Amino acid sequence: MKNSQIDLRYLTQMYKRILDEVDVGVHAVDETGKTIIYNKKMMQMESMDLHDVINKNLLDVFMFKDDQSSTLVKALQDGKETSNVKQTYFNNKGHEITTINNTIPIYDGEKLQGAVEIANDVTKLERLMKSNMNKGPAKYTFDNIIGRSPAIKEVIESAKRATRTSSYVLIVGDTGTGKELFAQSIHNASNRLTGPFISQNCAALPDNLIESLLFGTKRGAFTGAMDTPGLFEQANGGTLLLDEINSLNLNLQAKLLRVLQEKTIRRIGDTKDMPVDVRVIANMNEDPIEAIANNRMRKDLFYRLGVVTIFVPPLKERKEDIPLLVEHFIEKYNQRFHMKVKGLSEEVQASFFEYDWHGNVRELEHIIEAAMNIMIDEEYIMYSHLPYQYRSKAQIRERMMPVSTVDTFMKENTDVTVPLKEQMELFEKTYIEHVLKKHDFNISKAAKALGLSRQSLQYRMKKLNL
């Protein structure tokens, strides 16, 4: 008898250790709904301690949405096993939890003794998907794009012409130039205005999740898969904006290309295609020719998406728009902060025109907001109000050596240290200008000498304001 008790105690400890080591949640209740097993992974998933749950009725501990019931309670009531059921509920602190459950009733002969649930946590994935997907209405129109410079007016006119058709659009521009403003404006000026506008950042989610998100899933396609419509289905009749399209892996780009060509989608795990009527607008923040050359973008996808290609200029190529943008941002934060700032000091205004604005319009807005956060009763933004990171960059810019030709650049000997990226951009502009002059500004000959395609050289000239 003594040996039997020792064996039982040993086995109990071993079972508990095994349950605590598995990477799934295990929750078992008796026939009354009282918790009798609650492993370590389940505690982590639900942010609960053992004493909060064990020997308590689960309905006294957890709350469920009005349209859902506990899968464990349902197993006790129906006596049936269920697989891959998604469940959203709340712990005793009110925190939302989402799991994919396999729930099994436990019988002793024909008598129901309880139920056990094997759960996989998808709470973080749910939050990540929601936070990186914008299903709200497109709120921006062309009236919200600020600028009167020839560079921005030309782009606005090109974008307006794209509203007359449902052709795919590729918007290229540096980070912070306002690519999404153009995408939303195109949608709102098109005949798809009343349809949905859905935006998804392709770089924000892992490949396996972005594929499910785009095309949807069929129940049973993989563990935890449910019948879920993808973004193409949800955007049917409207516009789908795919941001940072070049971040998708090449296999996924091939699947996307098929959807664009066939105008049909197939959910993961399904065998049937369904038609979709979606206008795709794609954004990218690098030269598409470079992306293709570096195997980050399929050439055939570029040609399919780039039926209409819009290049949004960086702020440094339209500095004449800075006063209008500053006025807009000051007014915006005057209203938000209940302030009465009138404008910039002459010193700040001069420095803004000298600055290179690598963060573009977004950087300008952040600098205005940061400056107004530390102002008290001043009417004008002074240089001392500007954030440190701006002032340090501006000082570096002032110290950079003047360069007019490649020879001057190569012969110049200076002790001044500047960021490599800024110096490389300066050298690139100088060198391209030198090669163009050498070939009498013949684009084809200069491109050949530089080892670039004609289109790539034209893109660089536009980017460098040559």
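# Briefing on a predicted single-chain model

Arg192 is a buried residue with a relative accessible area of 8%, where buried means under 20% relative accessible area, exposed means over 50% and partly exposed lies in between, for a 1.4 Å probe and protein chains only. This is a predicted model, in which local features need pLDDT of at least 70 and side-chain atom pairs count only at pLDDT 80 or more, while totals for chains, interfaces and linings use all residues. Residues are numbered from 1 along each chain as its sequence is written, and side-chain values use heavy atoms, with hydrogens and water left out.

**Overall architecture**

- The chain has 21 helices and 16 strands, both taken as DSSP runs numbered from the N terminus, with helices (H or I) of at least four residues and strands (E) of at least two.
- Of the 466 residues in the chain, 44% are buried.
- The accessible surface of the chain is about 25500 Å², and carbon and sulfur atoms account for 50% of that surface; the areas come from the Shrake-Rupley method with a 1.4 Å probe, and for residues only the protein chains shown count as cover.
- When contacts (heavy atoms within 4.5 Å) are taken between residues at least 6 apart in sequence, 63% of them join residues at least 24 apart.

**Salt bridges**

- The structure holds 16 salt bridges, each defined as a side-chain nitrogen of Lys or Arg within 4 Å of a carboxyl oxygen of Asp or Glu.
- One of these salt bridges pairs Arg192 with Asp277, with the closest N and O atoms 2.6 Å apart. Arg192 sits in the loop between H8 and strand E9 (197-201) and Asp277 in the loop between strand E12 (274-275) and E13, so this pair ties together parts that are 85 residues apart in sequence. Whereas Arg192 is buried, Asp277 is partly exposed at a relative accessible area of 43%.
- Arg460 and Glu428 form a salt bridge in which the closest N and O atoms are 2.4 Å apart. Because Arg460 belongs to helix H21 (residues 454-463) and Glu428 to helix H19 (residues 420-438), the pair ties together parts that are 32 residues apart in sequence. Arg460 is buried, with a relative accessible area of 17%, and Glu428 is partly exposed, with a relative accessible area of 24%.

**Nonpolar cores**

- In soluble globular proteins, nonpolar side chains tend to be buried together.
- The largest nonpolar core has 37 residues, of which Phe232, Ile245, Met297 and Leu305 touch the most other members; a nonpolar core is a set of buried Ala, Val, Leu, Ile, Met, Phe, Trp, Tyr and Cys residues joined through side-chain atoms within 4.5 Å.
- At least two residues of this core come from each of several elements, including strand E8 (169-172), helix H9 (207-215), helix H10 (231-234), strand E10 (239-243) and helix H11 (250-262).
- Apart from this core lies another, of 26 residues, among them Leu315, Ile330, Met372 and Leu386.
- Leaving aside residues up to four places away in sequence, Phe232 touches Leu214, Phe215, Leu240, Leu256, Val259, Ile265, Val276, Val278 and Val280.

- Asn188 has its place in helix H8 (residues 179-188) and counts as buried at 17% relative accessibility.
- The side chain of Asn188 reaches the backbone oxygen of Tyr140 at 2.7 Å, a polar contact being a pair of N or O atoms within 3.5 Å in which, within protein, one must be able to donate a hydrogen and the other to accept it, with residues adjacent in sequence counting only if both atoms are side-chain atoms.
- Not counting residues up to four places away in sequence, Asn188 touches Ala138, Lys139, Tyr140, Thr141 and Leu193; the C-alpha atoms of Asn188 and Lys139 are separated by 8.1 Å, although these residues are 49 residues apart along the chain.
- Thr98, found in strand E5 (residues 96-108), is buried with a relative accessible area of 3%, and its side chain is joined to that of Thr88 by a polar contact of 3.2 Å.

**Nonpolar surface**

- Tyr10, Leu11, Met14, Tyr15, Ile18 and Val22 make a nonpolar surface patch of about 550 Å²; patches are made of residues with over 30% relative accessible area and no salt bridge, with like charges joined within 9 Å and nonpolar side chains (Val, Leu, Ile, Met, Phe, Trp, Tyr) within 5 Å.
- Leu11 lies in helix H1 (residues 2-21) and counts as partly exposed at 33% relative accessibility.
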